[in-house]
Amino acid sequence: MLKSSSSLDRREVLATLGLAALAMPSFAKSPPPSITTPNAPPRRDPQPPPAAPAGRTPPADLGLFDEALGQFVLPPLPYAADALEPHIDARTMEIHHGRHHAAYVSGANKALSELARIRAAGGDPGLVKHWANQLSFHLGGHINHTLFWNMMAPTGRPVTGPVPGPTPGGPLARAIAASFGTFEQLVAQFRSTAVSVEGSGWAWIAVEPWSKQLLVIQQEKQQDLWVTGAQPVLGVDVWEHAYYLRYQNKRADYVNAFLNVVNWDFCESLYARAVR
Ligand code: MN
């Protein structure tokens with residue numbers, strides 16, 4: 001189950017630091033507030049939210065924050081490191097999760113603890129900008145990677161061609177048709193978006209929460225170019241550390257391999273959460 005209090009704590013922390021836009025995967029249970037005018041009549045009792053689509057379980061607590069410790073923590077991989085072979089190799093997964101992701105976790109905790117120290121001890125306010133930047137980068141990295149591991153799953157299928165085998169169903173499939181035409185057109189745009197990220201970053205399919213549209217966007221580093229409040233549905237890490245051991249400079253081959261291990265059930269649960 002979700003730990004709503006930890007979600008709220010996290011959002012409060014981010015809001016306090018003016019970084020609410022970073023809280024991309026908002027796992028809070030309540031929808032965003034409507035914009036009202038001062039003279040607007042009081043709101044009626046809210047309608048009950050529509051039931052989740054049958055067969056799609058909303059994502060559980062992803063275990064990225066330990067409420068008792070008050071710290072971000074590294075969740076274990078949801079499968080064995082070699083489970084995505086031959087698409088994503090075990091050594092890459094071990095280093096990516098155990099070193100890179102772990103460094104984002106410790107970096108986010110470090111930034112928050114340094115900011116707390118400055119507040120409590122009257123430290124140098126000139127360093128707030130530095131630690132705020134560090135918080136955006138490392139906490140963005142922590143959230144991105146936690147989602148990323150869950151956005152993949154072993155398929156047991158051989159390597160297929162550039163159009164992936166597994167496809168989404170249900171409301172996400174209908175939203176893809178509405179926003180992109182066909183699934184193949186979405187995949188082509190997503191692939192081009194990922195391959196063309198300049199330097200290190202990500203490609204995402206995300207729900208823009210006010211228009212409820214699906215967008216394909218790029219993200220540089222772990223946090224730049226994000227659309228405020230957008231809710232991730234699928235993302236691929238195109239930092240070289242995600243693929244260089246196996247694919248070297250052939251990022252397109254890696255993206256095609258990734259598309260063979262997408263966990264569309266998880267993506268569909270993220271979509272259902274984003275639009276309810
Ligand atoms: Mn990475």
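The exercises that follow go from the overall fold to single side chains, and the model they use is a predicted one.

**Exercise 1. Describe the overall fold of the protein chain: which helices and strands does it hold, and in what pattern?**

Solution. 
- Step 1: Begin with the elements. The protein chain has 8 helices and 5 strands.
- Step 2: Follow them along the sequence. The pattern reads α-β-β-α-α-α-α-β-β-β-α-α-α.
- Step 3: Turn to burial. Of the 276 residues in the protein chain, 46% are buried.
- Step 4: Look at the contacts. Among those with a separation of 6 or more, 69% are between residues 24 or more positions apart.
- Step 5: Finish with the surface. The protein chain exposes about 13600 Å², and carbon and sulfur atoms supply 56% of this area.

**Exercise 2. Find the residues that coordinate the manganese ion, and work out where histidine 145 and histidine 241 lie.**

Solution. 
- Step 1: List the donors. The manganese ion is coordinated by His96 (NE2), His145 (NE2), Asp237 (OD) and His241 (NE2). The distances run from 1.9 to 2.2 Å.
- Step 2: Write down their spacing in sequence, which is H-x48-H-x91-D-x3-H.
- Step 3: Check the surroundings. Are these two histidines buried or exposed? Both histidine 145 and histidine 241 are buried.

**Exercise 3. Trace the salt bridge between glutamate 85 and arginine 246, and say which parts of the chain this pair links.**

Solution. 
- Step 1: Count first. The structure holds 5 salt bridges.
- Step 2: Take the pair in question. The closest N and O atoms of glutamate 85 and arginine 246 are 3.9 Å apart.
- Step 3: Locate both ends. Glutamate 85 is in the loop between β2 (71-72) and α2, and arginine 246 is in helix α6.
- Step 4: Compare with the cut-offs for partly exposed, which are 20% and 50% relative accessible area. Glutamate 85 has 37%, so this residue counts as partly exposed. Arginine 246 has 35% and is partly exposed.

**Exercise 4. Explore helix α2: how far apart are glutamate 94 and arginine 91, and what is glutamate 114 linked to?**

Solution. 
- Step 1: Start with the salt bridge of glutamate 94 and arginine 91, whose closest N and O atoms are 3.5 Å apart.
- Step 2: Use the helix. Because glutamate 94 and arginine 91 are 3 residues apart in helix α2, about one helical turn separates them.
- Step 3: Read their accessibility. Glutamate 94 is partly exposed at 40%, and arginine 91 is partly exposed at 44%.
- Step 4: Move along to glutamate 114, found in helix α2 (residues 90-121). Lys110, Glu114 and Arg117 are linked in a network of salt bridges.
- Step 5: The side chains of glutamate 114 and arginine 117 meet at 2.9 Å.
- Step 6: Decide on burial. The relative accessible area of glutamate 114 is 11%, so this residue is buried.

**Exercise 5. Characterise the salt bridge of aspartate 224 and lysine 221.**

Solution. 
- Step 1: Note the distance. Their side chains meet at 3.6 Å, N to O.
- Step 2: Aspartate 224 is partly exposed at 28%, and lysine 221 is partly exposed at 40%.

How values were computed. Residues are numbered from 1 along each chain as its sequence is written. This is a predicted model: local features need pLDDT of at least 70, side-chain atom pairs count only at pLDDT 80 or more; totals for chains, interfaces and linings use all residues. Side-chain values use heavy atoms; hydrogens and water are left out. Donors are N, O and S atoms within 2.8 Å of the metal (3.2 Å for Na, K and Ca); water is not among the atoms, so sites may look incomplete. Helices (H or I, at least four residues) and strands (E, at least two) are DSSP runs, numbered from the N terminus. Buried means under 20% relative accessible area, exposed over 50%, partly exposed in between (1.4 Å probe, protein chains only). A polar contact is a pair of N or O atoms within 3.5 Å; within protein, one must be able to donate a hydrogen and the other to accept it, and residues adjacent in sequence count only if both atoms are side-chain atoms. Contact means heavy atoms within 4.5 Å. Accessible areas come from the Shrake-Rupley method with a 1.4 Å probe; for residues, only the protein chains shown count as cover. A salt bridge is a side-chain nitrogen of Lys or Arg within 4 Å of a carboxyl oxygen of Asp or Glu.
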